Amino acid sequence: MEGKIDPFQGWTPKKHEQHKQKIQSRPDAITLSNLTDIFIKHRTQANEVTNNNYRRHLNMLMDQVGETMPVTMITEEDLRDFCFQDHLANATKRSYLRHMKVFFRWIKEKGYVKHDVTENINKPKKQTKISDKTISESELQAVFKEYRKDIKEKKKKGYITTKSQSRVWFRPVVMTAFYAGLRIKEIVNLKWQDINFKNKQLTVSGTKSGDERTIPIREKLFPVLKAWHRYHGHPNKGLVYASQKKYYENIKMSKLNVSRVFKFYVKATGLKDTINFHGLRHSCGTELMRLGFDINETAKILGHKSLDVTRRYEHLTQMDLSDKMKRLEGDND
């Protein structure tokens, strides 16, 4: 009381509050917890449900990095670890990232940090079922019909003056992918010496795994390959699907162009937008399983090293199961 002893060493509640405000005003010291409160308080235009969602997501981030973590120390890797946890569904990952992007963009705009650590983080792609990428034989024929219609109309209008403009390669290339299950890279690398017309076999080299594989040529593909061989004068070497332009003779076709043209006719046919050229390979795997090939045989034809990859084609529909039951029970109705 006499002031001879200062047990608090100059501390007073007022000085403590002033010091706290001074520390919090420093950008390198303001914490995630502090900014969460400020962020929610300033979101006056948002309803209670939306603000509660933001607080919930930010609280979960705090659980991971610590509520006293200065925002300037939170890294892009911290956000990736939080948003893309293995156990989360893709939709949940996208939701986490969406909330984080809004928050970290806001703290950058307010000057609390110099850089938005979420700027270079892209949302995960939506998961697509294999069944959404596959195409049936009847749908394949519909694509070919649209192709013939398009070429006919362009010829009539005088837009086509050369063979290359007619895209004569389209049907054999697409059928090779659909009935042999070849990747687009394997198709453009395919050589005439890889095709044994006598034994009806096709050898695939330059594969993704680096291993060569020999597969049987299916009956529906064989006459198409024979006709293509005849069209080119029965060559015994060179690329099967070389560029159709004379000055590019024996130069590989453009993989991008093949994919683009196929996608063009898929859209013109009105099929699902998820179908692309690689979906033809998935279609082959699915069809092989439907025809009765077991998983090991299907894996060998497609060149899969892991059976887990091949199991993706076991997506039999309810109609597939019903048809098989009828066949087993001898029901022809």
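**Charged pairs and a positive patch**

Student: What is the relative accessible area of K220 in this predicted model?

Tutor: Buried would need under 20% and exposed over 50%. K220 falls in between, so this lysine counts as partly exposed. Its relative accessible area is 45%.

Student: Nice. How many residues apart are K220 and its salt-bridge partner E137?

Tutor: E137 and K220 form a salt bridge whose closest N and O atoms are 2.7 Å apart. The pair links distant parts of the chain, with E137 in helix α6 and K220 in the loop between β3 and α9.

Student: Which helix holds both R80 and E76?

Tutor: These two form a salt bridge, their closest N and O atoms being 3.0 Å apart. They sit four residues apart, about one turn of the helix. The helix that holds both is α4.

Student: Which parts does the salt bridge between D273 and K263 tie together?

Tutor: Here the closest N and O atoms are 3.9 Å apart. The partners are ten residues apart in sequence, and D273 lies in a loop while K263 lies in a helix, so the pair ties together the loop between α10 and α11 and helix α10.

Student: Which helix gives the most to the positive patch?

Tutor: The patch is formed by K145, R148, K149 and R171. K145, for one, is exposed at 59% relative accessible area, and its place is in helix α6. With three residues, the top contributor is helix α6.

Note on methods
Residues numbered from 1 in each chain as written. Predicted model: local features only at pLDDT ≥ 70, side-chain atom pairs only at ≥ 80, totals over all residues. Heavy atoms only, no water. Patch = residues over 30% accessible without salt bridge, like charges linked within 9 Å, V, L, I, M, F, W, Y side chains within 5 Å. Areas by Shrake-Rupley, 256 points an atom, 1.4 Å probe, with all protein chains shown as cover. Salt bridge = Lys/Arg side-chain N within 4 Å of Asp/Glu carboxyl O. Lys, Arg positive; Asp, Glu negative; His and termini not counted. Charge placed at Lys NZ, Arg CZ, Asp CG, Glu CD. Helix = DSSP H or I, 4+ residues; strand = E, 2+ residues; numbered from the N terminus. Buried < 20%, exposed > 50% of the residue type's maximum accessible area, 1.4 Å probe, protein only.
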